[in-house]
Amino acid sequence: MLRIQRSEHGEGVRFMLSGRIEAEHLPELRRLIEGEDRQRVLTLDLREVKLADRDAVSFLAQYEAAGATLENCPAYVREWIARERAESKSPRRRTRTRRHPER
């Protein structure tokens with residue numbers, strides 16, 4: 001279950017997320033975020049997030065890259081985002097296949 005609380009602060013809007021962020025929650029969260037004025041600063045407060053799946057981490061990374069702030073981001077989520085960014089920037093390794101494998 002994911003709980004989303006919206007609040008305004010100065011020039012921005014904050015969504016405080018708590019619980020589990022899973023793929024099934026992302027359409028609703030996207031709808032809420034996209035409904036905000038794009039001129040406002042967007043903060044996603046993750047202090048009370050207990051679990052985020054792969055789709056959620058990709059979602060958070062996408063919004064952070066677009067300018068959102070991830071506040072109180074759990075260490076495992078931050079590490080996962082950093083790893084995905086590093087992998088997307090590095091060229092894919094090609095593996096060679098041997099024509100005559102050693103026996």
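This is a predicted model: local features need pLDDT of at least 70, side-chain atom pairs count only at pLDDT 80 or more; totals for chains, interfaces and linings use all residues.
Biologist: Got it. Is Arg6 buried, partly exposed or exposed?

Modeller: Arg6 has a relative accessibility of 41%. Exposed would need over 50% and buried would need under 20%. The value sits in between, so Arg6 counts as partly exposed.

Biologist: And which residue does Glu8 form a salt bridge with?

Modeller: Side chains of opposite charge can pair when their charged atoms come close. Glu8 counts as exposed, at 53% relative accessibility. Its closest N–O distance in the salt bridge is 3.2 Å, and the partner is Arg6.

Biologist: Arg14 forms a salt bridge with Asp45. How many residues apart are they?

Modeller: The closest N and O atoms of Arg14 and Asp45 are 3.6 Å apart. Yet the pair links distant parts of the chain: Arg14 belongs to strand β2 and Asp45 to strand β3, a gap of 31 residues.

Biologist: Is Asp45 buried or exposed?

Modeller: Its relative accessible area is 5%. The cut-off is under 20%, so Asp45 counts as buried.

Biologist: Where do Glu28 and Arg31 both lie?

Modeller: These two form a salt bridge, with the closest N and O atoms 2.7 Å apart. They are three residues apart, about one turn of the helix, and that helix is α1.

Biologist: Where is Glu36, by the way?

Modeller: Glu36 is buried, with a relative accessible area of 16%. Setting aside residues up to four places away in sequence, it touches Arg6, Val13 and Phe15. Its place is the loop between α1 and β3.

Biologist: Now the sheet: which strands stand at the edges?

Modeller: Four strands form an open sheet with mixed pairing, ordered β1-β2-β3-β4. An edge strand has a single partner strand, so one side of it lacks a neighbour in the sheet; the two in that position are β1 and β4.

Biologist: Last one: which strands does helix α3 touch?

Modeller: Start with α1, which lies across β1, β2 and β3 and runs at about 175 degrees to β2. Helix α3 packs on the sheet too, making about 110 degrees with the direction of β3.

Definitions and conventions: Residues are numbered from 1 along each chain as its sequence is written. Side-chain values use heavy atoms; hydrogens and water are left out. A salt bridge is a side-chain nitrogen of Lys or Arg within 4 Å of a carboxyl oxygen of Asp or Glu. Buried means under 20% relative accessible area, exposed over 50%, partly exposed in between (1.4 Å probe, protein chains only). Contact means heavy atoms within 4.5 Å. Two strands pair if DSSP finds at least two bridges between them. Axes are lines fitted to C-alpha atoms, for helices over the stretch in contact, and angles run from 0 to 180 degrees between N-to-C directions.
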